[in-house]
Structure formats: structure tokens, C-alpha cells
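Here are a few friendly notes to read alongside the model. Please keep the structure open while you go through them.

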Amino acid sequence: MRIVLTRREPLDSPDGVSIFIVALAQALLELGHQVQIVVGTFESPAKFQRLLSPRLELPIIGLSRTPLTGPASVAAWLRAIGIINRFRPDLVIHSETVPLPLRGTIVQIVHDLERRKGALAAAWRAIRRASMRRCHYVVASTTELQEELVRDLGLPRDQILKIPKCIDRQSYASRGLAERERAILHAGTSPYKVPEATIRAFGALNDPSVRLYVTGDITRPVREAVDALPEPIRRHVVLLGMAEGARVRELHSRVRVAAFPTRYTVPVASATVMEAIASGTPIVGTSRLSRDLLADGVNGAVVEPQPEAMAATLKAVLDDDDLWSRLSAGARERVRQFDAHSVAKQYLELANPSGLRSNIGISVKGEEDKGTDEPRLPDRQRLVGPLASHSLKASYGWARR
């Protein structure tokens, strides 16, 4: 089967959507399918390799080396129609709204419903609604998004599927307690990740035996929050900046707990949270994380993002070995439903001509749920131009203007 994955935003940014696309593309390739990733911006293969650290080399076409907005973005995606249709896809999976007339079964994934701001906010909202009504399937990545889309689009619940985001489990190690450092990881410094809340909680914890790692751009709020800590505690904060993908995965498997005081309008399936789950690392997070990811007392703890409350919960996970072991076991069990191969098979069923959709929208309870293994298409000669490479070797390129 020929499958195209699209994204308007840059792919060489290590955010949740990029992590998802990489994991899904790798799984589809390993299942024997032909995959092409088409993105609005692809700055550099070297940057992509460093920050995403994919396990396989992926065929990627970037419409531009620099971020696109306004008319330039529209023009680039109009050119993309020919690029994608020449690939003759059986299945096109959009991770962001791309209202284009394309071949094949069209799937629109909704990763979040954060409200756009600015003069064009209403226009983008109208485009999103129109695009979702024109595609064959709308997929919500969490229960909360599915519920909100029912209200937002006015569609029956059974017309909005729920398929979780996925994670490449092979890329993550799940270490036992004896190999763990008395440390906390906060991954990401975008404003909605509220890194300063974790830093303030670390100050309230006031335990020099614990270290705090923070990955992501070292922003002014982050620096100010660290500078406000007492000097003996401040020395134990490690600001790593934009760390390599492999380094972030290693940290997830080495620390004792991951903190996510995240703030979303509608709870989403954060891929950075899924990285912690895949590493068997207990989570301390807010109720704005989807309940599909964080179950209080199962694989972590739900807490208000106040310094004292977060500090008390972090202390419990850091100090109580039995609690840590139980939450870590819960994480290792919970990650099964986010396995990339299982999720990929759910998407493949959407383009299955036999119409079998037995597993669509159903959480995978275990690895024994095999889904539908689609046959690969043997006709490789029909691929043309820069899309002719469907192997595991990289095929990086930019569309000609």
C-alpha cells in the first residue's frame, strides 16, 4: 500500500506531532508498505537526524527550507497536489489541516484544538471545519478531543474515530529502579509546558540529593525561575537546551520521575509524556494531560501545578520504592496501547478495500491484538521522480518551485 503522511509545520522540530509521524512512518515501512512524508518545511536532514534521531531512514520531501506563511504556504501546498498524486497514494494521513483534492482515502488527525489567535483565526477555523467535513475519516488522538470534536463539528460521535498517537517502543529502554538516578526530568520549554512550575516545585522540594534536568530552549522565564532558586538547589538544575533525540530518550529511562505541569485547552496525547511511559518512568502531571495517558495511581499522579503540591508528590515518587515500582509497572503496561505497529494497523484498516474495521478506534489492550496486516503492493515502477525511493534509505529533498 502507498501511504503519504503530511504536516504543514516543520518536521525537524522535536515536538509531539513530529515524534508521532516518525514513529508511524517507521512502523508502516516495517509492515512492508511504501511511505512518503510531505511537509511544509524541512530545514535540514542533519537537524532532523539530531533532534528526532529516527531508528530508520525515512523518505521526506520538504516544500521549503524556510517556514511558510500566507500566500507562499498556499502556493507551496498547491504544488504539493501534483507531488502527492503522482505517488498514487492509497492512503493520505494529514496531521494538520491540508484541504487539498488528493487521491486515495483521506484521513484528518486532530492532535489538539488550541485556539488560534490573530486576524486570520476565524478563517483558519473555517478551513479546518471544511477540511474535516471533506475527508473520509476524522481521527481524534484522545478521548477528550473526540468529545470536543463532536461539539465543534456537530457530527455524531460514531463519525469521529479515536486512534491514539503512537510511539516507537524499540527506541526506548525501561530501566529498573537500581539503574535510576534520583532525578526529575522536565521535557520541553514551550509556554504551554510551563517549565517554571516544575522549577518552582523543585525549589519547594529542597532536596540537594535530587537533580532536575530540563530540555528545550533556555527561555527567559526558565532562566528567571532557575535564578530565583536558593544557590544550593540551583546547582542541581541542569539546563540541556535542545538536546539530541537520543539524549532525551536516555534521560527518560534514567530519571526516577518525569514532571508535566502541562496546560492545554483540551487534554491531548503529548508525545513527550508517551516517551516517559515508554521508558517505564512514573509521571507527575496535571489534569490537562489526557486520561488516556495519565491514570492517577496507575502510571503516575495527577496534581495541581502549585509548588508545594507538586513537590510533595515528587517526593513520594522519589522516596517510596514500592510506589515507584508499582507506577513504573503501570507505565510499562499502559504503553502497549501506543505501540506504533498496532496503531499503524488501525490506520491501514481505513483504506482496507474489504471494509474490515474491527479494531478501529479501539484501544489496543495487548500485543496479541494483531489488527489487519495489509499486503504490500508490488508495482514499484509506477513511482516517479523524487518519490521513486520507498526503501529504508533516506530520500530527502525539496520540491522545485
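**Notes on the predicted model**

1. Let's begin with Ser53, which counts as buried at 13% relative accessibility; buried means under 20% relative accessible area, exposed means over 50%, and partly exposed is in between, using a 1.4 Å probe and protein chains only. Ser53 sits in the loop between helix 2 and strand 3. Helices (H or I, at least four residues) and strands (E, at least two) are DSSP runs numbered from the N terminus. Leaving out residues up to four places away in sequence, Ser53 touches Phe48, Gly245, Ala246 and Arg249, where contact means heavy atoms within 4.5 Å. The C-alpha atoms of Ser53 and Val22 are separated by 9.3 Å, and these residues are 31 apart along the chain.

2. A word on how to read these notes: this is a predicted model, in which local features need pLDDT of at least 70 and side-chain atom pairs count only at pLDDT 80 or more, while totals for chains, interfaces and linings use all residues. Residues are numbered from 1 along each chain as its sequence is written, and side-chain values use heavy atoms, with hydrogens and water left out.

3. Strand 2 (residues 34–39) runs parallel to strand 3, joined to it by three bridges; two strands pair if DSSP finds at least two bridges between them. Ile37 stands opposite Ile60 in strand 3. From strand 2 the chain passes through helix 2 (residues 45–52) to strand 3, a β-α-β crossover that is right-handed: with the strands pointing away from the viewer, the path from the first strand over the helix to the second runs clockwise.

4. Strand 4 (residues 91–94) is also worth a look. Which of its residues lie on each side? Leu91 and Ile93 are on one side, Val92 and His94 are on the other, and all are buried, with both faces of the strand covered. Strand 1 (residues 2–7) pairs with strand 4 in the parallel sense over four bridges, and Leu5 has Ile93 as its bridge partner in strand 4. Strand 5 (residues 105–110) also runs parallel to strand 4, and four bridges join the two. Here His94 stands opposite Gln108 in strand 5.

5. Now for the nonpolar cores, each a set of buried Ala, Val, Leu, Ile, Met, Phe, Trp, Tyr and Cys residues joined through side-chain atoms within 4.5 Å. The largest has 88 residues, of which Leu5, Leu24, Ile37, Ile93, Leu149 and Tyr347 touch the most other members. Helix 1 (residues 16–30) gives the most to this core, with 11 residues. Domain 1 (2–162) and domain 2 (170–337) each supply at least three residues; the domain bounds come from an automatic or database domain assignment. Not counting residues up to four places away in sequence, Leu24 touches Leu5, Ile93, Cys166, Ala344 and Tyr347. A second, separate core of 26 residues includes Ala201, Leu212, Met310 and Leu323.

6. Helix 1 also holds Glu30, which is partly exposed with a relative accessible area of 33%. Leaving aside neighbours within four places in sequence, Glu30 is in contact with Arg55, Leu56, Gln170 and His341. Glu30 and His341 are 311 residues apart along the chain, yet their C-alpha atoms are separated by 8.4 Å.

7. How many aromatic pairs are there? The count comes to two, where rings of Phe, Tyr and Trp (its six-membered ring) pair if their centres lie within 6.5 Å, with planes under 30 degrees apart counted as stacked, over 60 as edge-to-face and the rest as tilted. Phe42 and Phe48 form an edge-to-face pair, 5.6 Å centre to centre with 65° between the planes, and both are buried. Tyr192 and Tyr264 form a tilted pair, 5.3 Å centre to centre with 40° between the planes. Tyr192 lies in the loop between strand 8 (181–187) and helix 6 (195–205), and Tyr264 in the loop between strand 11 (255–260) and helix 10 (271–278), so this pair ties together parts that are 72 residues apart in sequence. Tyr192 is partly exposed at 32% relative accessibility, whereas Tyr264 is buried at 10%.

8. Finally, helix 6 has eight of its 11 residues buried, so this helix is largely enclosed by the rest of the structure. Among the buried ones are Pro195, Ile199, Ala201 and Phe202. Just after helix 6, Asn206 takes a positive phi of about 55°.
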